[in-house]
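Colleague: I am new to this structure and would like to go through it with you. Could you put it on the screen, please?

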Amino acid sequence: MMKKYLMMAAAVVALLASCNNESPKMDEKNTDKAEIADKGGLKIAYVEVDSLMTQYEFCKEFSLILQKKSNNARNTLNQKGQALQSAMVNFQQKLQNNGFTSREQAEAQQNAIQRQQQSLQELQARLENELASETAKYNEGLRDSLMHFLEKYNKDKKFDIILTKQGDNILYAAKRFDITNDVINGLNKSYKSTLKTETQKDEKK
């Protein structure tokens, strides 16, 4: 009943610098990343989004945390939904078997079921909003960590453009333009585990 939790890839693609409509063709000559330049004098690099998502500890922990929250919400909704279904079946059986002593009693139980259904719908909306809010919070954290790292990283490298590469959004780029490992290693080096913080909070409760 819950919507599948939001993916971060779109946020990653949006944050790392803009790219030109046409990717420049790049020669195959081996050079240091800091000295890479195209014919126009631009220093260009790119980051593989898929690798970032699977190797950056923040992203891996983010996925686990949101999956757990999503599963918990789904289980809660399933339990409430089953209780509602049972109430509806019980009402129909009593109605068919003349189990109500009066019309007022039947209407009262019907109204109770309607309130239960409305409560379930409100709970679903609230849990979905909470999950979306958590996703937005982690996306913001991802953006901040990437921008902070790239700001420090590029003081020495001095790239003019850092692109994101995901799927076929860049049709071709020579491997020497790839700074993904630098970015992942740098991010992981300074990352403080979110899961450990969550665990410590749970242990204090």
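Colleague: Which residue does Lys165 meet in a salt bridge?

Modeller: In this predicted model, the side chain of Lys165 forms a salt bridge with that of Glu48, at 3.6 Å from N to O. The pair connects distant parts of the chain, since Lys165 belongs to strand 2 and Glu48 to strand 1, 117 residues apart.

Colleague: Is Lys165 buried or exposed?

Modeller: Lys165 counts as buried because its relative accessibility is 16%, and the cut-off for buried is under 20%. Glu48 is buried as well, with a relative accessible area of 17%.

Colleague: What else does Lys165 touch?

Modeller: Leaving aside residues up to four places away in sequence, Lys165 touches Tyr46, Val47, Glu48, Val49 and Ile170.

Colleague: In which sense do strand 1 and strand 2 pair?

Modeller: Strand 1 and strand 2, the latter being residues 161-165, pair in the parallel sense, over five bridges. One example is Val47, whose bridge partner in strand 2 is Thr164.

Colleague: How many residues of strand 1 are buried?

Modeller: Five of the five residues in strand 1, which spans 44-48, are buried. Ile44, Tyr46 and Glu48 point one way, while Ala45 and Val47 point the other way. In a regular strand, side chains alternate between the two faces of the sheet.

Colleague: Let us change topic. How many salt bridges are there?

Modeller: The count comes to six salt bridges. Besides the pair of Lys165 and Glu48, they include Glu57 with Lys60, where the closest N and O atoms are 2.8 Å apart.

Colleague: Where do Glu57 and Lys60 lie?

Modeller: Both are in helix 3, residues 57-96, and because they are three residues apart, about one helical turn separates them. An α-helix has 3.6 residues a turn, so residues three or four places apart point the same way. Glu57 counts as partly exposed at 29% relative accessibility, and Lys60 counts as partly exposed at 34%.

Colleague: What about Glu107, which residue is its salt bridge partner?

Modeller: The partner of Glu107 is Arg103, with the closest N and O atoms 3.1 Å apart. The two residues lie in helix 4, four residues apart, or about one turn of the helix. Glu107 counts as partly exposed at 35% relative accessibility, whereas Arg103, at 64%, counts as exposed.

Colleague: Now to helix 5. Which of its residues are buried?

Modeller: In helix 5, residues 180-190, the buried residues are Thr180, Val183, Ile184, Gly186 and Leu187. These residues are on the same side of helix 5 because they cover an arc of only 170° around the axis. On the other side of helix 5, Asn181, Asn185 and Lys189 are exposed.

Colleague: What covers the buried residues of helix 5?

Modeller: The cover includes strand 1, helix 2 (49-55) and helix 4 (103-157).

Colleague: One last topic, the protein as a whole. How many helices and strands are there?

Modeller: The protein has six helices and two strands. Their order from the N terminus is α-β-α-α-α-β-α-α. Of the 205 residues, 35% are buried.

How values were computed. Residues numbered from 1 in each chain as written. Predicted model: local features only at pLDDT ≥ 70, side-chain atom pairs only at ≥ 80, totals over all residues. Heavy atoms only, no water. Buried < 20%, exposed > 50% of the residue type's maximum accessible area, 1.4 Å probe, protein only. Pairing = 2+ DSSP bridges. Contact = heavy atoms within 4.5 Å. Arc of directions from axis to C-beta. Salt bridge = Lys/Arg side-chain N within 4 Å of Asp/Glu carboxyl O.
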